[in-house]
Amino acid sequence: MLASIGYAVAYTAVGLVLLALGYLALDLLTPGHLGRHIYEDRSVSAAIVLSAGFLAQGAIIFTTIWNNATAGFGQALLYTVVFGVLGVLLQAVAFLVLDLLTPGKMGALVTEVRFHPASLVSAAAQLSVAAIIVASIWP
């Protein structure tokens with residue numbers, strides 16, 4: 001049981017770092033400070049996009065752990081880091097592609113204080129990218 005507790009702590013630590021990396025990437029893609037948009041300005045749109053990003057990252061992290069745990073702790077942890085970072089990068093690319101294909105600046109639209117439908121589109125893109133990555137991880 002102690003080994004499993006250690007694995008849980010290690011995977012959680014890596015997962016939190018990956019979630020923080022995803023947060024920082026989204027913060028770079030949006031004007032101003034993302035945390036202020038959500039917690040001070042109460043931007044529902046920004047909260048939707050960040051929440052989708054967290055759920056997407058969580059799905060990727062879960063899938064890599066679930067599918068690689070029998071390969072050994074070190075390899076499973078490496079897969080988690082690699083696919084987690086890949087998820088952050090590809091979600092950022094999807095955000096930038098949406099920004100190019102749609103009118104307005106996506107970063108500004110998804111940080112408006114009032115709800116903006118673009119936040120749902122951005123959230124769906126993040127979840128879709130994660131689903132594609134998750135599908136590539138399945139054995």
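Against which helices do the buried residues of helix 6 pack? They pack against helix 1, helix 3, helix 4 (73-101) and helix 5 (106-109), where buried means under 20% relative accessible area, exposed over 50% and partly exposed in between, with a 1.4 Å probe and protein chains only.

Before the tour begins, note that this is a predicted model, in which local features need pLDDT of at least 70 and side-chain atom pairs count only at pLDDT 80 or more, while totals for chains, interfaces and linings use all residues. Residues are numbered from 1 along each chain as its sequence is written, and side-chain values use heavy atoms, with hydrogens and water left out.

**Helix 6**

Select residues 118-137, which form helix 6; helices are DSSP runs (H or I, at least four residues), numbered from the N terminus. At 1.5 Å a residue, its 20 residues should span 28 Å, and its end C-alpha atoms are 29 Å apart, which agrees; the expected span is 1.5 Å times one less than the number of residues. Among the buried residues of helix 6 are Ala118, Ser122, Val129, Ile133 and Ile137.

**Helices 1 and 3**

Next, select residues 2-29 and 44-68. Helix 1 and helix 3 pack at an angle of about 145°, with their axes 10 Å apart; axes are lines fitted to C-alpha atoms over the stretch in contact, and angles run from 0 to 180 degrees between N-to-C directions. Helix 1 contributes Tyr11, Gly15, Leu18, Leu19, Tyr23 and Leu26 to the contact (heavy atoms within 4.5 Å), and helix 3 contributes Val49, Leu50, Phe54, Gln57, Ile61 and Ile65.

**The largest nonpolar core**

Now display Leu26, Leu34, Met106 and Val110, the residues with the most contacts inside the largest nonpolar core, which has 13 residues. Such a core is a set of buried Ala, Val, Leu, Ile, Met, Phe, Trp, Tyr and Cys residues joined through side-chain atoms within 4.5 Å. Helix 2 (34-39), helix 3, helix 4, helix 5 and helix 6 each give two or more residues to this core, and the largest share, three residues, comes from helix 3. Apart from it lies another core, of nine residues, including Ala56 and Val134.

**Phe95 and Val110**

Finally, centre the view on Phe95, in helix 4. Phe95 is buried, with a relative accessible area of 4%. Leaving aside neighbours within four places in sequence, Phe95 is in contact with Leu26, Leu29, Thr30, Met106, Gly107, Val110 and Ser122. Val110, not counting residues up to four places away in sequence, touches Phe95 and also, among others, Ser43, Val49 and Ser119.
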